[in-house]
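Subject: Structure for you to look over

Dear colleague,

My notes on what was found follow after it.

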Amino acid sequence: MNFSLIICTYKRAKPLATLLESVKEQTLYPHEILIIDGSPDNATKEMLQQNSFQKLQYFQVTPKERGLTKQRNYGIVKVNATSEVVCFLDDDTVLEPTYFEEIIKT
């Protein structure tokens, strides 16, 4: 089953990196990971360039598109048409290794 992960973030590059490291350890990996960044600086983008995360797409939104709901809606528009499920996570979450496997079972 194809599923997408959308993570909205705002000036939290370090917690986002921790979350993405826990995503790397998943027994079931997302078909795509969309980072929707509302940050006014490039710290998140620079962190992502310094690390290797598979199937990740980065989008930095304009000030007009900032805010959790707006950023989530922005991400939904960017999701691959083949995705059957869309998951949202906060940028300060850390996952157990079977998180997606258990979610998809439901």
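I would start with K55, which lies in the loop between α2 and β3; helices (H or I, at least four residues) and strands (E, at least two) are DSSP runs, numbered from the N terminus. Please bear in mind that this is a predicted model, in which local features need pLDDT of at least 70 and side-chain atom pairs count only at pLDDT 80 or more, while totals for chains, interfaces and linings use all residues. Residues are numbered from 1 along each chain as its sequence is written, and side-chain values use heavy atoms, with hydrogens and water left out.

K55 has a positive phi of about 60°, although it is not a glycine. Most residues other than glycine have a negative phi. K55 counts as partly exposed, with a relative accessibility of 48%, where buried means under 20% relative accessible area, exposed over 50% and partly exposed in between (1.4 Å probe, protein chains only). A positive phi is also found at K11, a residue other than glycine, where the value is near 55°; K11 lies in the loop between β1 and α1.

Turning to helix α1, which covers residues 13-24, its 12 residues should span 16 Å at 1.5 Å a residue, and its end C-alpha atoms are 16 Å apart, which agrees; the expected span is 1.5 Å times one less than the number of residues. The buried residues in α1 are A13, L16, A17, L19, L20, S22 and V23, and the buried residues of this helix pack against β1, β2 (32-37), α2 (43-50), β3, β4 and α4; contact here means heavy atoms within 4.5 Å. An α-helix has 3.6 residues a turn, so residues three or four places apart point the same way.

L19, in helix α1, is buried with a relative accessible area of 0%. Leaving aside residues up to four places away in sequence, L19 touches I7, L89, D90, D91, T93 and L95. L19 and D90 are 71 residues apart in sequence, yet 8.7 Å apart in space, C-alpha to C-alpha. By way of another pair, K64 and D90 are 26 residues apart along the chain, and their C-alpha atoms are separated by 20 Å. K64 lies in the loop between β3 (56-60) and α3 (68-78), and counts as exposed at 69% relative accessibility.

D91 counts as buried, at 7% relative accessibility, and its side chain is joined to that of T9 by a polar contact of 2.7 Å. A polar contact is a pair of N or O atoms within 3.5 Å; within protein, one must be able to donate a hydrogen and the other to accept it, and residues adjacent in sequence count only if both atoms are side-chain atoms.

As for cysteines, a disulfide is a pair of cysteine sulfur atoms within 2.5 Å, and by this rule the count comes to zero disulfides. C8 is in no disulfide, as the nearest cysteine sulfur, that of C87, is 13 Å away. C8 is buried, with a relative accessible area of 9%, and C87 likewise counts as buried at 9% relative accessibility.

For the aromatic residues, rings of Phe, Tyr and Trp (its six-membered ring) pair if their centres lie within 6.5 Å, and planes under 30 degrees apart count as stacked, over 60 as edge-to-face and the rest as tilted. By this rule the count comes to three aromatic pairs. In one of them, the rings of F3 and F100 have their centres 5.1 Å apart and their planes at 45°, so the pair is tilted. F3 lies in strand β1 (residues 3-9) and F100 in helix α4, so the pair ties together parts that are 97 residues apart in sequence. Both residues are buried, F3 with a relative accessible area of 1% and F100 at 0%. Y99 and F100 form an edge-to-face pair, 5.3 Å centre to centre with 75° between the planes, and Y99 is partly exposed, with a relative accessible area of 31%.
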